[in-house]
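I opened the notebook to look up charged pairs and surface features.

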Amino acid sequence: MKNKILFFNNLTRKKEIFKSLNKNLVSMYTCGPTVYWYAHIGNLRTYIFEDILKRVLLYNGFKVKHVMNITDVGHLISDADTGEDKIERAAKKEQKSAFEIARFYEKEFKKDLKLLNIIKPDIFVRATQTIKEQIGFIKLLEKKGFTYIIEDGVYFDTSKLKTYGRLWPKKMKILPGKRVEMVPGKKNPTDFALWKFSPIGVKRQMEWNCPWKRPSTNKKTKGFPGWHTECVVMSKKFLGIPFDIHCGGIDHILIHHTNEIAQAEAAFGKILANFWLHCEFLAVGGKKMAKSEGNIFTLSNLIEKGFDPLAFRYLSLTSHYRSKMDFTFESLKASQNALNNIRNFILDLRENKIKEKLSREEKKEINYFKEKFLVSINNDLNTPEALALMWQIIKDNNLKLKQKEILLLDFDRVFGLRLNKLEKEKIPKNILDLIKKREILRKKRAWELADKIRKEIENLGYKLEDTVEGSKVKKIS
């Protein structure tokens, strides 16, 4: 029997006990990157949250079929269905083809996932791989009476769907005027493009033949799919409808995910997914991330400043995914230090636990702490509480070292900090030579000279600890 797992479902706006459609398999779709630039750390926080979610499901004994899209066409600059395609604009700026841009930044994104120890989705699917299916889906919506055509494309008529806006706050009757501008001919402010026609006289790099005609010419024209349509088609293709869990950033709730749900209901009379989970925004120094503020950071930026990518993963674990997280370099440094301390602790455990055997009672203690951990992570992914438990175990003088190692490595199945792959760092020869020299001086009781060498070793970034077994050396965090 599976353990009880609670998730906050934005579809119902409350915590619910999770039940999968299939007893042992969870179907999960996560909105992937629009590959026109590097993913920034705000984006990456969401992907870490989704990875924790997946790991929690695996920890609970489920298998997970995870699909992530790659948006390589159709994501316009404005949510109001206006402006350039983000990838086409990047192609002009970098003087490359749109396909070169998309493939390059897709590759960089996958590198970031690996650096952050995020488990790779079972299926990556590009929007450009499903153009035929998207056209077929729009034709189905057309047949059911949910579309209309204007000069710049095919639109979804939201007034035809009584349940439109399922994810909106209860008091919200119509989407706020933040959609900037109304496309000429659009019937309702909330209507959205299913297919955009290429502008007259403009040759786009990414465009396809379609069955619809532009009203002013009454001729078939080329175009490209709408962003919201792509995700419905890709998720249904690989997971069916409904599937279990749909995830993304909190910015997807009001428009992107609302429009996905609307299309699925209109076409199939079913909700697209049963659970909708969203990660909150990440701010930088109390301010929203924005190029105008000069505070957008990528993972590469953090690495260039000397930080381990997993330090950012650890930092993300310290905040609940539904809470706003404020990034500062001070908090990242604290996370780096905490991570280094955990690693050193694990390495010390491996050296000292060799002959320890556990009694039945001590094994029961392990199960007790595992249960506590499970309660935390199964309560809507409460990683801050689970991290606190880990530190409690590290500091517990009544637990054996072997108990601690078993628990920490077990918890790391969810945390994903690669604690099971730690290797003792090789100490440089010059440091080892200084340690030998110091030992000789200590035997001669030349304490003052020995202390000078200790300081020299510390200045080189290493810390000495004198024990009954001899001197031990560690790299300073």
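I started with Glu265. Its relative accessible area is 14%. The cut-off for buried is under 20%, so Glu265 counts as buried. I kept in mind that this is a predicted model.

Next I asked for the partner of Glu265. Glu265 forms a salt bridge with Arg166, and the closest N and O atoms are 2.7 Å apart. I then placed both ends on the chain. Arg166 lies in the loop between strand S7 (153–156) and S8, while Glu265 belongs to helix H6 (residues 253–268). The two are 99 residues apart, and the pair links distant parts of the chain. Is Arg166 buried or partly exposed? I looked it up: Arg166 is partly exposed, at 34% relative accessibility.

Asp308 sits in the loop between helix H7 (299–304) and helix H8 (309–317). Arg343 is in helix H9 (residues 329–352), 35 residues apart from Asp308. I noted this as another link between distant parts of the chain. The accessibility values came next. Asp308 has 23% relative accessibility and is partly exposed. Arg343 has 15% and is buried, because the cut-off is under 20%.

I then checked for shared partners. Which residues do such salt bridges join into one network? I found Asp72, Arg103, Glu106, Lys110 and Arg126.

Arg204 is in the loop between strand S8 (192–197) and strand S9 (208–214). Glu88 is in helix H2 (residues 86–94). The pair is 116 residues apart and again links distant parts of the chain. Arg204 has a relative accessible area of 7%, so I logged Arg204 as buried. Glu88 is also at 7%, and is buried.

How many salt bridges does a search of the whole structure find? I ran through the total: 22.

Last, I turned to the surface. I found a nonpolar patch made of Tyr36, Trp37, Tyr38 and Phe104. Together they have about 320 Å² of accessible area. Tyr38 is in the loop between strand S3 (25–30) and helix H1 (41–59). Tyr38 counts as partly exposed, with 30% relative accessibility.

How values were computed:
Residues numbered from 1 in each chain as written. Predicted model: local features only at pLDDT ≥ 70, side-chain atom pairs only at ≥ 80, totals over all residues. Heavy atoms only, no water. Patch = residues over 30% accessible without salt bridge, like charges linked within 9 Å, V, L, I, M, F, W, Y side chains within 5 Å. Areas by Shrake-Rupley, 256 points an atom, 1.4 Å probe, with all protein chains shown as cover. Salt bridge = Lys/Arg side-chain N within 4 Å of Asp/Glu carboxyl O. Helix = DSSP H or I, 4+ residues; strand = E, 2+ residues; numbered from the N terminus. Buried < 20%, exposed > 50% of the residue type's maximum accessible area, 1.4 Å probe, protein only.
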